[in-house]
Amino acid sequence: MDPVAALEEIAFLLERDRASAYKSKAFRKAADAIRGLERDELAARAADGRLRRTAGVGDSTFAVIEQALAGGVPERLAALRAEAGLSPEGSVAGLRAELRGDLHSHTEWSDGTTSLAVMAKAAEAQGLEYLAITDHSPSLRVANGLSAERLAEQQELIEVVQAGLPKLRLLAGIEVDILLDGALDQTPEMLGRLDVVVGSVHSKLRMERAEMTGRMLRAIADPQLNVLGHCTGRLVEGARGTRPQSEFDAEAVFAACAEHHVAVEINSRPERQDPPDELIAIALDAGCLFSIDSDAHAPGHLSFLELGAARAEANGVPADRIITTWPVERLLDWASGRG
């Protein structure tokens, strides 16, 4: 087995299981340390002790490299595959197989764990045709939100990374905070330069129902908004604990989404599972479009799309109402208001 591939798959599966970011980063660091070395050279370094002295290679990662060089699947990888029930390269079926893209992902520019390039390559390896980079906006300081200047710099980097991606289309985007008054937390000029805008409520989640409804309706009416992200803000499990869903007039909010051509996100993160099933049903009856997104903060989180697709399928959401099943040009025409 290729040692670099083994190290990267271990990192991917650790991220999928939401293990400590330090663990997955250690395996990615080791993969970077040996990347570019021919197999014979790597084997020689492992045999004479040089590999153990290589920066970025520790005892656990050395064992993985050594076992991969021996021709088998490293023990750590075999165990993780067994726990997951599949490998990242495993075949997909059902609605997940119809998903072409993901419109919600984060990188180390805000609160993600890896570089934009690493996220892009992982999305390409997952068979996605497009990925929107949607780091946070300025007011979310705890997540290192991007100012207009930093967002412009990121757009330039996206163009650079795109040049090395033969199968994946990178989209410039943002997860923009919906402020207390319903305004979007970025300049209109910058929002107008982006391919896709996801808007989410991150603050004052326990606002009174009428105030929260008005806040969301004002954001949905903004012509720059494309996707309403994790609409209730709830947490149902995980390291951050649980959090009840925000209260708002779902019928009014989803009717507005349908009227203004704003897709309702089905957030695939296991701890969110947002919207709840009963709200998916209301949005479906209102005529809404949907976007199944991973909200990935690490490459392994891209596999959460399987969970979002399963929830959409269970709730009877038709594939043609899910914008992330669309070809990228149709998606971009819709997002720009042309389609």
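# Notebook: looking around a predicted chain

I started with the secondary structure: the protein chain has 13 helices and 7 strands. Helices (H or I, at least four residues) and strands (E, at least two) are DSSP runs, numbered from the N terminus. Residues are numbered from 1 along each chain as its sequence is written, and side-chain values use heavy atoms, leaving out hydrogens and water.

**Overall shape.** I looked up the span of the C-alpha trace, and along its principal axes the trace covers about 70 × 40 × 35 Å. Buried residues make up 53% of the 339 residues. Buried means under 20% relative accessible area, exposed over 50%, and partly exposed in between (1.4 Å probe, protein chains only); the areas come from the Shrake-Rupley method.

Most residues other than glycine have a negative phi, and most peptide bonds are trans. Asp 274 and Pro 275 are joined by a cis peptide bond, with omega about 5°. I found Pro 275 in the loop between β6 (263-267) and α11 (277-285). Gln 273 lies in that loop between β6 and α11 too, and its phi is near 45°, a positive value in a residue that isn't glycine. Gln 273 is partly exposed at 31%. Arg 18 also has a positive phi, about 55°, without being a glycine. I placed Arg 18 in the loop between α1 (3-16) and α2 (21-34), where it is partly exposed at 33% relative accessibility.

**Salt bridges.** How many salt bridges does a search of the whole structure find? I got 18, taking a salt bridge as a side-chain nitrogen of Lys or Arg within 4 Å of a carboxyl oxygen of Asp or Glu.

- Glu 9 and Arg 81 meet through their side chains at 2.7 Å, N to O. This pair links distant parts of the chain, 72 residues apart, with Glu 9 in helix α1 and Arg 81 in helix α5 (residues 75-84). Glu 9 is buried at 5%, whereas Arg 81 is partly exposed at 26%.
- Glu 306 bridges to Arg 16, with the closest N and O atoms 3.5 Å apart. Glu 306 sits in helix α12 (residues 305-314) and Arg 16 in helix α1, so the pair ties together parts 290 residues apart in sequence. Arg 16 is buried at 17%; Glu 306 is partly exposed at 23%.
- Glu 41 pairs with Arg 45 at 2.7 Å between the closest N and O atoms. Both are in helix α3 (residues 39-48), and being 4 residues apart they are separated by about one helical turn.

I also noted a network: Arg 18, Glu 237, Arg 240, Arg 269 and Glu 271 are joined by salt bridges that share partners.

**A charged patch.** Which residues gather in a patch of negative charge on the surface? They are Glu 149, Glu 153, Glu 156 and Glu 159. For charged patches, residues need over 30% relative accessible area and no salt bridge, and like charges are joined within 9 Å. Asp and Glu count as negative, and the place of a Glu charge is taken as CD. I checked Glu 153: it is in helix α7 (residues 148-162) and partly exposed at 45%.

Key. Predicted model: local features only at pLDDT ≥ 70, side-chain atom pairs only at ≥ 80, totals over all residues. Patch = residues over 30% accessible without salt bridge, like charges linked within 9 Å, V, L, I, M, F, W, Y side chains within 5 Å. Areas by Shrake-Rupley, 256 points an atom, 1.4 Å probe, with all protein chains shown as cover.
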